[in-house]
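This briefing is meant for a reader who is meeting the structure for the first time. Please keep the sequence and the 3D view at hand while going through the points that follow.

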Amino acid sequence: VSGTASIGQGEPDATIIYVMDFSGSTGASGGACGTILACEQSFFVGLNAAAIADGSTDEVAVVKYAAASSIALGLTPPGNAAVNAAINSGSPGGGTNCAAGLADALTLVNASTNGTKIVVFASDGFCNVGANVSGPAGALGARELSRRSGGRIRAARRARRPVARNPARSLCKGALHRAGRF
């Protein structure tokens with residue numbers, strides 16, 4: 001018998017989809033980082049840096065939503081400079097159409113062939129425009145996704161109630177604290 005064996009990280013096999021709220025209310029003060037949108041951007045830039053450092057993620061994507069949604073950057077390696085450029089470009093405006101953002105995230109989840117698929121969803125408040133979120137959120141649930149692609153979904157969302165002292169810190173802390181599997 002001959003051969004070799006190694007213990008290592010293996011091939012990257014994860015996709016992270018960043019779903020960002022660019023609605024008008026994200027232009028409000030967000031504490032230390034300026035606006036709520038600036039806090040979101042800081043969070044996602046940091047999350048992308050962690051994805052690069054971890055080495056298990058080989059593709060990320062950026063979805064931006066307000067009254068409508070768009071895929072700002074399709075599936076791309078996390079080290080590509082276009083990722084942070086997509087996160088940091090744009091300005092707040094319009095309502096909060098969470099369902100549209102989640103629908104675009106679902107499109108990207110379905111396009112990825114990776115075994116692990118993570119959706120990180122950020123919002124500063126109520127979904128006040130568009131369809132009910134239960135349709136696209138339900139489609140991102142573990143049972144549906146498992147049946148379709150064997151992936152896992154993680155979701156992060158800031159609490160709907162305002163947090164008094166430091167909204168910037170609460171955005172990041174709340175999003176990380178609520179991250180979990182459906």
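Counted along the protein chain, the bonded cysteines pair in the pattern 1-2, 3-4, and the structure holds two disulfides. The model is a predicted one, with an average pLDDT of 78 for the protein chain and 73% of the residues scoring at least 70. Over residues 142-182, however, the pLDDT is below 50, although this stretch has 81 contacts in the model beyond near neighbours in sequence. Where pLDDT is low, the predicted coordinates should not be read in detail.

**The disulfide of cysteine 33 and cysteine 39**

- Cysteine 33 and cysteine 39 are joined through sulfur atoms that lie 1.9 Å apart, and the torsion about their S-S bond is about 105°, so this disulfide is right-handed.

**The disulfide of cysteine 98 and cysteine 127**

- Cysteine 98 is bonded to cysteine 127 with an S to S distance of 2.1 Å, and here the torsion about the S-S bond is about -90°, so the disulfide is left-handed.
- This pair links distant parts of the chain, since cysteine 98 belongs to helix α3 (residues 98-111) while cysteine 127, 29 residues away, sits in the loop between β4 (116-121) and α4 (134-139).
- Cysteine 98 counts as buried at 0% relative accessibility, and cysteine 127 counts as partly exposed at 28%.

**Helix α1**

- Helix α1 covers residues 36-54, which makes 19 residues, and from its first C-alpha to its last it reaches 27 Å, close to the 27 Å expected at 1.5 Å a residue.
- The buried residues of α1 include Ile36, Leu37, Cys39, Phe43, Phe44 and Ala51, and Glu40, Gln41 and Asn48 are also among them.
- An α-helix has 3.6 residues a turn, so residues three or four places apart point the same way.
- After α1 comes glycine 55, which has a positive phi, near 80°.

**Aromatic pairs**

- The structure holds three aromatic pairs, one of which is the tilted pair of tyrosine 18 and phenylalanine 44, with 5.4 Å from centre to centre and 50° between the planes.
- Because tyrosine 18 lies in strand β1 (residues 14-21) and phenylalanine 44 in helix α1, this pair ties together parts that are 26 residues apart in sequence.
- Tyrosine 18 is buried with a relative accessible area of 0%, and phenylalanine 44 is likewise buried, at 0%.
- Another pair, that of tyrosine 65 and phenylalanine 121, is stacked, with its centres 5.4 Å apart and 10° between the planes.
- Tyrosine 65 in strand β2 and phenylalanine 121 in strand β4 are 56 residues apart, and their pair thus links distant parts of the chain.
- Tyrosine 65 counts as buried at 1% relative accessibility, as does phenylalanine 121 at 6%.
- Tyr18, Phe43 and Phe44 together make up one aromatic cluster.

**The β2-β3 hairpin**

- Strand β2 (residues 57-65) and strand β3 (residues 69-76) run antiparallel and are joined by five bridges.
- Three residues lie between β2 and β3, and the two strands form a hairpin.
- Valine 63 has isoleucine 71, in β3, as its bridge partner.

Technical notes. Residues numbered from 1 in each chain as written. Predicted model: local features only at pLDDT ≥ 70, side-chain atom pairs only at ≥ 80, totals over all residues. Heavy atoms only, no water. Pairing = 2+ DSSP bridges. Helix = DSSP H or I, 4+ residues; strand = E, 2+ residues; numbered from the N terminus. pLDDT = per-residue confidence, 0-100. Contact = heavy atoms within 4.5 Å. Expected span 1.5 Å × (residues − 1). Buried < 20%, exposed > 50% of the residue type's maximum accessible area, 1.4 Å probe, protein only. Disulfide = S-S within 2.5 Å. Phe/Tyr/Trp six-rings, centres within 6.5 Å; stacked < 30°, edge-to-face > 60°.
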